[in-house]
Amino acid sequence: MNKKEFAKSRDAVEEALGKEGLSRRDALKLMGVGGAAAMMGATPASAEEEGAPSSDAKAGIVVVGGGTGGVLIAARLRKAAPNAEITVIAPNDIHLYQPGQVFMAAGLYTEDEIRKPNSDLMPDGVKWIKDEVKVFDPDSNLVETAKNGKVKYDFLVVATGLQYDYEGIEGMRPELVGRDGISSVYLNDPLKGTARGGTATWEWFRQLRAAAEKASESAPITAIYTQPDTPIKCGGAPQKILYLSDDFLRGNGPTGGLDVHKNVKALFCKKGDKLFGLPEYNKTLVDEVTPMYGNITDKWNHVLRKIDPEKRIATFEHTYQIKGEYDPDLEEYDMITKRETVEIGYDFIHIVPPMKAVDAVADSPLGWPKGTAKGWLACDRYTLQHMKYKNVFGIGDILGIPLGKTGGSARHHGPVVQENLIAAMEGKDLPAKFDGYTVCPLKTQYGKIMLAEFNYDGPAPSFPLDPAKPRWIWWAFDLYMLKPMYWNLMMRGLM
Ligand SMILES: Cc1cc2nc3c(=O)[nH]c(=O)nc-3n(C[C@H](O)[C@H](O)[C@H](O)COP(=O)(O)OP(=O)(O)OC[C@H]3O[C@@H](n4cnc5c(N)ncnc54)[C@H](O)[C@@H]3O)c2cc1C
């Protein structure tokens with residue numbers, strides 16, 4: 001971030017804070033991100049200066065994965081365990097700031113703005129093996145890599161993230177993104193360092209708009225937005241694209257234009273019958289955001305199973321319940337779940353792929369062997385320690401825990417894994433507990449974000465402001481401040 005860009009972002013945030021009646025100092029204090037002051041002229045405090053636990057113990061720690069969780073935990077452990085030998089096994093030369101893919105889709109970031117060489121981020125004093133782990137063998141305390149043979153460890157941190165399963169939808173494959181009215185903001189390739197989903201979705205926004213300009217309210221075109229029935233990273237992103245593209249049709253966004261959104265019939269298709277799991281945040285989306293657009297229909301319990309790109313037909317599995325027999329003892333009807341196949345023709349479709357644990361973890365003794373979390377890292381939801389292999393910890397999207405597939409969650413996993421791994425190195429009880437913190441900066445329109453923060457117990461706002469209210473200040477923070485904070489603080493283990 002150069003001086004000019006910094007001044008622009010600082011001004012935007014100050015203006016936003018003023019609108020909320022807060023000073024910048026107050027807001028940052030409230031946020032507990034003292035390190036953010038680094039971007040405003042002060043020197044950031046290091047983890048040691050902040051009193052984070054450290055240890056002189058000697059051990060070999062291997063971190064697998066060089067994305068958000070892998071880099072941040074390597075940076076934290078490097079500082080906290082100076083005598084440990086830390087190795088990161090990560091194949092990717094380029095590191096992507098993935099949350100930026102949504103701003104790319106909105107025409108506000110370019111791909112170059114969300115990429116950095118991983119060599120700029122790898123902490124000094126950490127050995128980087130540029131390779132992929134093929135086999136986890138926790139019974140022998142080793143991993144097998146594709147090109148560099150076996151690597152032994154005393155402690156292991158699994159930070160592999162997740163993988164997309166576009167092919168889990170019959171007829172779909174990543175190559176179709178950007179063709180025949182299909183887009184998908186999620187698409188990226190960490191190995192090549194490309195975020196084609198962002199670029200293709202911005203192109204899709206403009207194609208959708210061009211088609212809407214030719215349509216009419218009485219003869220609208222159809223745009224489908226899907227969400228799969230698997231866990232996904234950034235659970236709010238499917239709706240971010242729904243609202244931002246609709247707002248773009250209203251003439252907002254970087255290129256402006258006439259309001260043509262009523263010429264588009266928007267169908268949001270997902271499992272379940274809620275826009276957000278927590279009632280506080282759901283209410284805003286149902287009562288304020290959806291009615292504000294007026295052209296969105298929620299197709300509950302519709303999960304995309306098949307696509308015919310040539311005919312532009314999407315096939316959904318629709319589940320619903322009907323009344324069965326009356327039970328006089330319980331004084332209620334049995335409810336019977338029914339399934340039907342529903343075909344919907346479309347002009348444009350935004351597809352969120354099913355997501356699953358990476359194969360190397362799922363196929364190893366480290367994954368949950370069965371149940372709804374099958375394949376995801378089998379760890380304790382509080383300590384982030386493996387259920388069986390006590391020298392194994394996890395961070396980031398790979399965790400098989402109920403909440404938290406976001407970068408913001410990984411940031412909160414960081415200190416927990418650091419503290420607990422150090423305690424394990426010293427043979428002590430694990431002191432730190434992850435509270436389930438997850439953050440979803442849900443973009444409800446250009447210039448407004450509902451900052452939905454929550455944990456295992458419910459809403460967990462960091463600020464004394466109604467968290468369910470979409471605000472300009474969160475938009476300004478997200479657009480201008482979070483990316484530099486990610487590169488300069490989070491990836492350095494400083495927040
Ligand atoms: C479109 C989009 C929008 C998002 N929006 C937000 C947001 O607004 N806020 C937010 O907090 N988060 C958001 N996220 C989510 C956030 O980016 C992820 O939760 C975060 O990056 C997870 O970090 P991770 O380390 O678990 O995985 P990643 O950052 O994906 O890194 C995993 C790394 O592991 C590597 N790897 C995989 N398998 C192996 C192997 N076998 N051996 C070695 N290396 C391996 C991969 O190549 C990859 O580099 C968004 C993500 C996307 C895609």
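This is a predicted model: local features need pLDDT of at least 70, side-chain atom pairs count only at pLDDT 80 or more; totals for chains, interfaces and linings use all residues.
Leaving aside its neighbours within four places in sequence, which residues is K134 in contact with? The views below answer this and show other parts of the model.

View 1. Residues are numbered from 1 along each chain as its sequence is written, and side-chain values use heavy atoms, with hydrogens and water left out. K134 sits in strand β6; strands (E, at least two residues) and helices (H or I, at least four) are DSSP runs numbered from the N terminus. Beyond neighbours within four places in sequence, K134 is in contact with E144, T145, A146 and A360. Contact means heavy atoms within 4.5 Å. K134 is partly exposed, at 47% relative accessible area. Buried means under 20%, exposed over 50%, and partly exposed in between (1.4 Å probe, protein chains only).

**View 2. The loop with N141.** N141 lies in the loop between β6 (133–137) and β7 (142–145). Its phi is near 55 degrees, a positive value in a residue other than glycine. Most residues other than glycine have a negative phi. N141 counts as partly exposed, because its relative accessibility is 27%.

**View 3. The loop with R312.** R312 is found between β15 (302–308) and β16 (313–327), in a loop. Phi is positive here too, at about 55 degrees, although R312 is not a glycine. With 28% relative accessibility, R312 counts as partly exposed.

**View 4. The second largest pocket.** This pocket holds about 980 Å³ of space. Of its 33 lining residues, P231, I232, G235, P402 and L403 are the closest to its centre. A pocket is an open set of points on a 1 Å grid over the protein atoms alone, where a 1.4 Å probe fits, with protein on both sides within 12 Å along at least five of seven lines; lining residues have an atom within 4 Å of a point. The volume is the space filled by probe spheres set on the points, which are joined across faces, edges and corners. Strand β21 (residues 438–445) gives the largest share of the lining, four residues. Domain 1 (44–91 + 130–161 + 358–454) and domain 2 (166–354) both give residues to the lining, so the pocket lies between them. Domain bounds come from an automatic or database domain assignment.
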